Structure formats: structure tokens, C-alpha cells
Amino acid sequence: QEQLVESGGGSVQAGGSLTLSCTAPEDMYNRRCMGWVRQVPGKEREGGARIYTATSSRLYADSVKGRLTISLNNAKNTVYLQMNSLNPEDTGTYFCAADPSCDMVMSARATYWGQGSQVTVSS
């Protein structure tokens, strides 16, 4: 059974934009840190952005700062990742992740995970 449900993956041309969404059960959403973690074949999963649901405090990895925007809709128990100025190096599988600890989310060691969304950026 899916704990976190993702949508919005797909293909886009270089320079384009894409938005992913992730919906959590109500009892999981409150006072949790939620974020997005990418996996590329042959590489370890890496955290890109996270947000704490109680305060909307946001943090981005230095490598993606300025190109990603993480946001939330508390009424819908949903977190979003808006990706702009995409390039082929951004291609990968993007996982929604949740944990009481934001450090666990950004270090790709979260307790709860989405199914993964494939993002392909063509040149």
C-alpha cells in the first residue's frame, strides 16, 4: 500500500519546467518534514529540497538552489516541487519522502516514501 502518492512526472525539453506533487495521509502530514529525493542509476539517492509542514520552513540543496521551489497546501495534505530551467542532468527518478526529522529527509534516510516519478529532460 502506498504511503505517499506522487504524480506529475514526465518528459520535458531542456529549459522547460515540470511540477511534481505528493499527497500524504492526514495523520502523517502534520508536523512532518517532507521533501524530494532524486535517484540516478549508479548513484546514491540525494536530497534536493524539503519543507517542514508545521512552519513551512524550506531548505534546498546548493546544487539546485534557484531552480527548484518546494511548497505545500495544508488543506490538501500535499507538497509540490516546481522545477524550472531543467537540463538533461536533472533526469532521474524523483521520490517524495517524509520523516519527523528534516535531516533524515535530506540525507535520503526518510521513513516514508512515495513510489517514485520518472523525470526525463531531453536536449
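Predicted model: local features only at pLDDT ≥ 70, side-chain atom pairs only at ≥ 80, totals over all residues.
Local features need pLDDT of at least 70 and side-chain atom pairs count only at pLDDT 80 or more, while totals for chains, interfaces and linings use all residues. Residues are numbered from 1 along each chain as its sequence is written, and side-chain values use heavy atoms, with hydrogens and water left out.

**View 1. The largest nonpolar core and its most connected members.** This core has 26 residues, and Leu4, Met34, Trp36, Ile70, Val79, Leu81 and Met83 touch the most other members. A nonpolar core here is a set of buried Ala, Val, Leu, Ile, Met, Phe, Trp, Tyr and Cys residues joined through side-chain atoms within 4.5 Å. Buried means under 20% relative accessible area, exposed over 50%, and partly exposed in between (1.4 Å probe, protein chains only). Elements that each supply at least two residues of this core include strand E3 (18–23), helix H1 (26–29), strand E4 (33–39) and strand E8 (78–83). Helices (H or I, at least four residues) and strands (E, at least two) are DSSP runs, numbered from the N terminus. Apart from this core lies another, of 10 residues, among them Cys33, Phe95, Ala97 and Val105.

**View 2. Around Met83.** Look beyond the neighbours within four places in sequence, and Met83 is in contact with Gly16, Ser17, Leu18, Leu20, Arg67, Leu68, Tyr94 and Val119. Contact means heavy atoms within 4.5 Å.

**View 3. Two disulfides.** A search of the whole structure finds 2 disulfides, each a pair of cysteine sulfur atoms within 2.5 Å. Counting bonded cysteines along the chain, their pattern is 1-3, 2-4. Cys22 is joined to Cys96, with an S to S distance of 2.1 Å. Cys22 sits in strand E3 and Cys96 in strand E9, so this pair ties together parts that are 74 residues apart in sequence. Both of these cysteines, Cys22 and Cys96, are buried, and the torsion about their S-S bond is about -80°, so the disulfide is left-handed. The other disulfide joins Cys33 to Cys102 (S to S 2.1 Å). Here Cys33 lies in strand E4 and Cys102 in helix H2 (residues 102–106), so the pair ties together parts that are 69 residues apart in sequence. The torsion about the S-S bond of Cys33 and Cys102 is about 105°, so this disulfide is right-handed. Cys33 counts as buried at 0% relative accessibility, as does Cys102 at 16%.

**View 4. The largest pocket.** Its volume is about 210 Å³, the space filled by probe spheres set on grid points joined across faces, edges and corners. On a 1 Å grid over the protein atoms alone, a pocket is an open set of points where a 1.4 Å probe fits, with protein on both sides within 12 Å along at least five of seven lines, and lining residues have an atom within 4 Å of a point. Of the 18 lining residues, Arg38, Gly48, Val64, Leu68 and Tyr94 lie nearest the centre. Strand E5 gives the largest share of the lining, 4 residues.

View 5. Asn77 lies in the loop between E7 and E8 and, at 12% relative accessibility, counts as buried. Setting aside neighbours within four places in sequence, Asn77 is in contact with Cys22, Thr23, Ala24, Pro25, Glu26 and Tyr29. Gln39, found in strand E4, counts as partly exposed at 30% relative accessibility. Not counting residues up to four places away in sequence, Gln39 touches Arg45, Gly92, Thr93 and Phe95.
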